[in-house]
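Here are my notes for you, written as numbered points. Keep the structure open beside them and look up each residue as you go.

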Amino acid sequence: MNTQRNHVILGEDDFRMLKQFAENFSSSNANEMSLSYELNRAIVVENDELPPDSIRLNSEVKVRELTTNKEMEFSIVMPALADIKQKKISVLTPMGAALIGLCKGETVEWKMPAGMKKFQVLDVRQML
C-alpha cells in the first residue's frame with residue numbers, strides 16, 4: 001500500500017453528511033481502507049473553498065486503472081442513489097471510499113474485491 005497518502009479534502013456539507021452516515025453504518029470499521037478512516041484524516045474546508053477539481057458527492061469522475069489502463073466513468077453518490085446501470089456508485093463501495101476527497105491528477109492504491117488496484121483520477125466534473 002502507499003506510504004505516501006493523498007490529502008482528502010471535503011467540503012463542510014459533504015463531511016457532515018458522510019460522517020453521520022459512516023457513524024451510523026459502522027463505528028468499528030475504521031481500517032485503513034474504509035470511508036471512516038478517510039473521514040478521520042480529511043481536511044474539511046468551507047464549501048466555496050473546495051478545489052474545483054476535487055471529488056465530492058455527486059461528482060462525475062473519470063479514472064484509469066494503472067495496471068490495465070482501463071478507463072471508467074461514474075458518479076459517486078450516497079448509497080440510496082447508487083445505480084450501476086446509471087453509472088452511479090455508492091461512496092461506501094471500495095472505489096467510492098478510495099476516491100472521495102481526491103483531486104484530478106492524483107493516484108490512489110486501494111484494496112478492491114479483486115485485490116489491490118492503483119487508479120489515477122483523469123477528470124472530475126461537478127454536477128448540480
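1. Let's start with the strands. β3, covering residues 59–65, is joined to β7, covering residues 115–126, by seven bridges, and the two strands run antiparallel. To find one spot where they meet, look for E65: its bridge partner in β7 is F119. Keep in mind that this is a predicted model.

2. Now see what else β7 pairs with. Strand β6, residues 107–112, lines up with β7 in the antiparallel sense too, over six bridges. Here you can pick out M112, which stands opposite G115 in β7. β6 and β7 make a hairpin, with two residues between them.

3. While you're looking at strands, here's a general idea to carry with you: side chains in a regular strand alternate between the two faces of the sheet.

4. On to charged side chains. How many salt bridges does a search of the whole structure find? The search turns up eight. The next points go through some of these contacts.

5. One of them pairs R16 with D13, whose side chains meet at 3.4 Å, N to O. Why are these two well placed along the chain? Both sit in helix α1 (residues 12–25), three residues apart, so about one helical turn separates them.

6. Next, take R41 and E38. Their side chains form a salt bridge of 3.2 Å, N to O. Is E38 buried or exposed? E38 counts as buried, because its relative accessibility is 2% and the cut-off for buried is under 20%. R41 has 24% relative accessibility, so R41 counts as partly exposed.

7. Then there's E71 with K62, another salt bridge, at 3.3 Å from N to O. E71 is partly exposed, with a relative accessible area of 39%, and K62 is also partly exposed, at 26%.

8. Finally, some salt bridges share partners. Which residues end up in one network that way? They are E60, E73, K104, D123 and R125.

Note on methods: Residues are numbered from 1 along each chain as its sequence is written. This is a predicted model: local features need pLDDT of at least 70, side-chain atom pairs count only at pLDDT 80 or more; totals for chains, interfaces and linings use all residues. Side-chain values use heavy atoms; hydrogens and water are left out. A salt bridge is a side-chain nitrogen of Lys or Arg within 4 Å of a carboxyl oxygen of Asp or Glu. Helices (H or I, at least four residues) and strands (E, at least two) are DSSP runs, numbered from the N terminus. Buried means under 20% relative accessible area, exposed over 50%, partly exposed in between (1.4 Å probe, protein chains only). Two strands pair if DSSP finds at least two bridges between them.
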